[in-house]
Amino acid sequence: MMDQQTMGKENKNLGKLLWQLTRPHTLTASFIPVLIGTVSAMFYMKVDIFLFIAMLCACLFLQIATNLFNEYYDFKRGLDTEDSVGIGGAIVRHGMKPKTVLQLALGLYSLALLLGIYICASSSWWLALIGIIGMAIGYLYTGGPFPIAYTPFGELFAGLCMGSLFVLISFFIQTNTINLQITLLSIPIAILVGAINLSNNIRDIEEDTKGGRKTLAILMGHRKAVYFLALLFTISYIWIAGLVIVGNTSPWLFLVLLSVPKPIQAVKGFLDNEIPMNTGIAMKATAQTNTIFGFLLFIGLFISYYL
């Protein structure tokens with residue numbers, strides 16, 4: 001019989017593997033929009049903490065499921081190999097059955113659906129239609145006959161769905177309305193979520209080209225894609241500055257400027273390295289830009305609420 005020490009080690013390894021499958025460095029793309037939408041709702045009414053938690057968990061489940069679908073379908077299409085960079089590697093490196101990865105994704109979708117029913121019952125059933133469309137996009141990102149991830153529109157769909165839409169829904173379920181201010185605030189969040197996707201595609205240009213993808217990074221080429229990434233970062237900061245200058249938001253939102261070193265690090269890292277194995281720091285800095293920018297934006301809104 002297997003001793004407890006061996007079982008404990010295997011359980012630990014399984015837990016680590018499952019954690020890697022979630023692609024944790026990307027998960028801020030889910031909870032940052034929910035934080036921004038919820039703190040913005042505080043200016044209009046008292047926040048329902050249970051709706052906030054339900055929305056946060058639902059968004060995380062949807063994103064992790066999308067990552068799992070990505071792992072599954074990239075393997076099925078022969079795009080992922082043991083030498084592939086930036087993948088969870090559960091199937092090609094650790095022998096997890098593809099069916100298990102798919103079942104995990106569907107299970108998370110089921111949990112998100114249950115939370116979605118609670119959210120709709122507490123706010124509006126019109127959200128059910130939006131939720132179904134969002135879940136379909138999450139699946140079709142790498143699933144189906146024409147995967148979105150194989151086209152130049154991956155950044156656009158990721159930014160709109162996981163950026164703007166998550167912000168707007170998080171605001172709506174608390175206030176039962178959408179206004180111009182929250183719509184404008186959602187734009188830089190969408191841009192930075194799209195930037196995470198773009199940085200991933202910049203790193204994977206070589207492998208994606210072999211796999212038949214036509215991503216934006218492939219069409220632009222490495223250097224132009226990095227310049228475009230820099231442009232996305234720049235627009236995000238200018239957008240917030242513009243909102244403050246025209247008087248729509250509090251000067252406390254200038255706190256986001258403290259995160260400027262991260263996008264600089266990301267752009268410099270990609271310009272200095274085209275080899276996928278050497279772009280890890282740039283990838284991490286891109287995700288950290290979204291995280292730190294989002295948290296500072298959240299803090300700025302939170303401070304301005306109390307002042």
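Trainee: How many disulfides does the structure hold?
Mentor: This is a predicted model, where local features need pLDDT of at least 70, side-chain atom pairs count only at pLDDT 80 or more, and totals for chains, interfaces and linings use all residues. Residues are numbered from 1 along each chain as its sequence is written, and side-chain values use heavy atoms, leaving out hydrogens and water. A disulfide is a pair of cysteine sulfur atoms within 2.5 Å, and by that cut-off the number of disulfides is zero.

Trainee: Which cysteine sulfur is nearest to that of Cys59, and how far away is it?
Mentor: Cys59 is in no disulfide. Its nearest cysteine sulfur belongs to Cys57, at 9.5 Å.

Trainee: Is Cys59 buried or exposed?
Mentor: Buried means under 20% relative accessible area, exposed over 50%, and partly exposed in between, with a 1.4 Å probe and protein chains only. Cys59 has a relative accessible area of 2%, so it is buried.

Trainee: How many helices does the protein have?
Mentor: Helices (H or I, at least four residues) and strands (E, at least two) are DSSP runs, numbered from the N terminus. There are zero strands, and the helices number 12.

Trainee: What is the radius of gyration of the protein?
Mentor: It is taken over C-alpha atoms, and the globule rule is 2.2 Å times the number of residues to the power 0.38. For 307 residues that rule gives 19 Å, and the protein is close to this, so it is as compact as a globular protein of that length, with a radius of gyration of 20 Å.
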